[in-house]
Amino acid sequence: MPETLLDHARQHQAELTEIRRDIHAHPELGLEEHRTAEIVARKLEEWGIEVHRNVGQTGVVGVLRNGNGQAAIGLRADMDALPMQEATGLPHASTVPNRMHACGHDGHTAMLLGAAKVLAETRNFNGTVNFIFQPAEEGLGGAEAMIKDGLFARFPCDAVFGMHNSPGLPLGEFTVCPGAAMAGCAFFDIVITGKGAHGAHPQQSIDPVLIACHVGTALQSIVSRNISPNDTAVLTVTTVHSGDAYNVIPQTAAMAGTVRTYKPEVMEMVKANMTRIASSVAAGFGAEASVDFRILFPPLINDATELKFAADAAAAVVGEGRIDRNRASVMASEDFAFMMNLVPGGHIRIGNGVDSAAVHHQEYDFNDEAIPYGVAVYAKIAETKLPRDTES
Ligand code: NI
């Protein structure tokens, strides 16, 4: 029996676990991943892979060519941590206060490194594999930074593939979601400017607190009354801030929150309605409202052909019975969507185990037992997208 990719990946598990735990103990926020990026670059160099540093500030791209094939793919992982305090108590816990790898990007980085090592050893493909280590997935624009720095011009890809761990999904299992898998995301700020006065003299005020309450209520009509029942959207006001004293009517009130949709046109419609409602409700009370609506992420849309490649690769590694090809979409967002907007791609989720804490939780940790599965699936995608039998 020839050695399987999973067997091969398991041979590197100890080394990859060591790398993963080292990155975990030294988490870095988006666009500050200098140490992490240097670990990635040095490992790739050690394994004979061409390395490009500082692609999109702290991003790293490794390029591995084999044979004479012109086809190329991108395999992508993210490297950044979150600004939160870790409470796992693990030996490899974060050594930096208020910094934590609570989304498993340390594991994603280790798995993609493992795939690079395996493919550099086996070279069982014909073409180019670009290993894309992106910074700043958590809302600080890492994918866009790499794209603006010429990612796909310098490292052309016919398809791109990303992977994210999934707490609650058993170890060794994978899921994919056809079509729009993750939502587009916007943040908004609304500032209502009224007229401050003594708390006992409301007739001298234009009370922004009262107006904020009306605006917050009226905004809830957007999802229920403006959006087609066949579409999906979330509009959540997450903060309302105004005033400092019991007996002072403040001058302003500030509200903020998030919007999620699966279609860009629905996002634009929410933006237009929010702007109209906030300014018109405020005007009705004699106040003014300004709306700052910022679209951060497009929805993550899986390409049907490329997603099948990813799902088939997972099935080849762990068996068809351990892959769910029709996972429901989620309203969370993913920065990889910017890359998948430009190049057709597939995004696959890997089980982090049923006992895993949720991502972005203070007790979360990436499951090192998942590493060989992720390594093997990344490598399998490269082998099937860039088959040897196309050599001439
Ligand atoms: Ni994440």
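## Nickel site

In this predicted model, whose local features require pLDDT of at least 70 and whose side-chain atom pairs count only at pLDDT 80 or more, totals for chains, interfaces and linings use all residues. Residues are numbered from 1 along each chain as its sequence is written, and side-chain values rest on heavy atoms, with hydrogens and water left out.

The nickel ion has three protein donors, Cys 103 (SG), His 105 (NE2) and His 164 (NE2), at 2.1 to 2.2 Å from the ion. Donors are N, O and S atoms within 2.8 Å of the metal (3.2 Å for Na, K and Ca), and sites may look incomplete because water is not among the atoms. Along the sequence, the spacing of the donor residues is C-x1-H-x58-H. Cys 103 and His 105 are both buried; buried means under 20% relative accessible area, exposed over 50%, and partly exposed in between (1.4 Å probe, protein chains only).

## Overall fold and domains

The chain holds eleven helices and 16 strands. These elements are DSSP runs numbered from the N terminus, with helices (H or I) of at least four residues and strands (E) of at least two. Taken along the principal axes, the C-alpha atoms fill a box of roughly 85 × 45 × 40 Å. Of the 392 residues, 53% count as buried. Among contacts (heavy atoms within 4.5 Å) between residues at least 6 apart in sequence, 81% join residues at least 24 apart.

Domain 1 comprises 5-181 + 299-390 and domain 2 comprises 184-297, with bounds taken from an automatic or database domain assignment. The centres of the two domains, taken over C-alpha atoms, are separated by 38 Å. At their interface, 13 residues of domain 1 are in contact with twelve residues of domain 2. The area buried between domain 1 and domain 2 is about 970 Å², and carbon and sulfur atoms give 68% of this area. Here, buried area is the accessible area (1.4 Å probe) that two parts lose on being put together, summed over both. Pro 299, Met 331 and Ser 333 supply 61% of the area that domain 1 buries against domain 2, more than any other three residues. The number of salt bridges between domain 1 and domain 2 is zero.

## Nonpolar cores

A nonpolar core is a set of buried Ala, Val, Leu, Ile, Met, Phe, Trp, Tyr and Cys residues joined through side-chain atoms within 4.5 Å. The largest such core has 67 residues, among which Leu 44, Leu 75, Val 129, Phe 131, Phe 133 and Phe 174 touch the most other members. Not counting residues up to four places away in sequence, Leu 44 touches Ile 49, Val 51, Val 60, Gly 62, Leu 113, Ala 116 and Phe 133. A second, separate core of 26 residues includes Ala 186, Phe 188, Ala 212 and Val 259.

## Salt bridges

Across the whole structure, 22 salt bridges are found, each being a side-chain nitrogen of Lys or Arg within 4 Å of a carboxyl oxygen of Asp or Glu. One of them joins Glu 50 and Arg 65, with the closest N and O atoms 2.9 Å apart. Glu 50 lies in strand β1 and Arg 65 in strand β2, so this pair ties together parts 15 residues apart in sequence. Glu 50 is partly exposed, at 33% relative accessibility.

Asp 189 and Arg 294 also meet through their side chains in a salt bridge (3.0 Å, N to O). This pair links distant parts of the chain, with Asp 189 in strand β8 (residues 184-193) and Arg 294 in strand β13 (residues 288-297), 105 residues apart. Asp 189 is partly exposed at 32% relative accessibility, and Arg 294 is partly exposed at 31%.

## Loop residues

Most residues other than glycine have a negative phi. Asn 54, in the loop between β1 (50-52) and β2 (60-66), has a positive phi near 55°. Asn 54 is exposed, at 52% relative accessibility. Arg 123 likewise has a positive phi, of about 50°, and lies in the loop between α4 (105-122) and β4 (127-134). Arg 123 is partly exposed, with a relative accessible area of 28%.

Asn 352 belongs to the loop between β16 (345-351) and α11 (371-385), and at 2% relative accessibility Asn 352 is buried. Leaving aside neighbours within four places in sequence, Asn 352 is in contact with residues including Asn 165, Ser 166, Tyr 364 and Asp 365.
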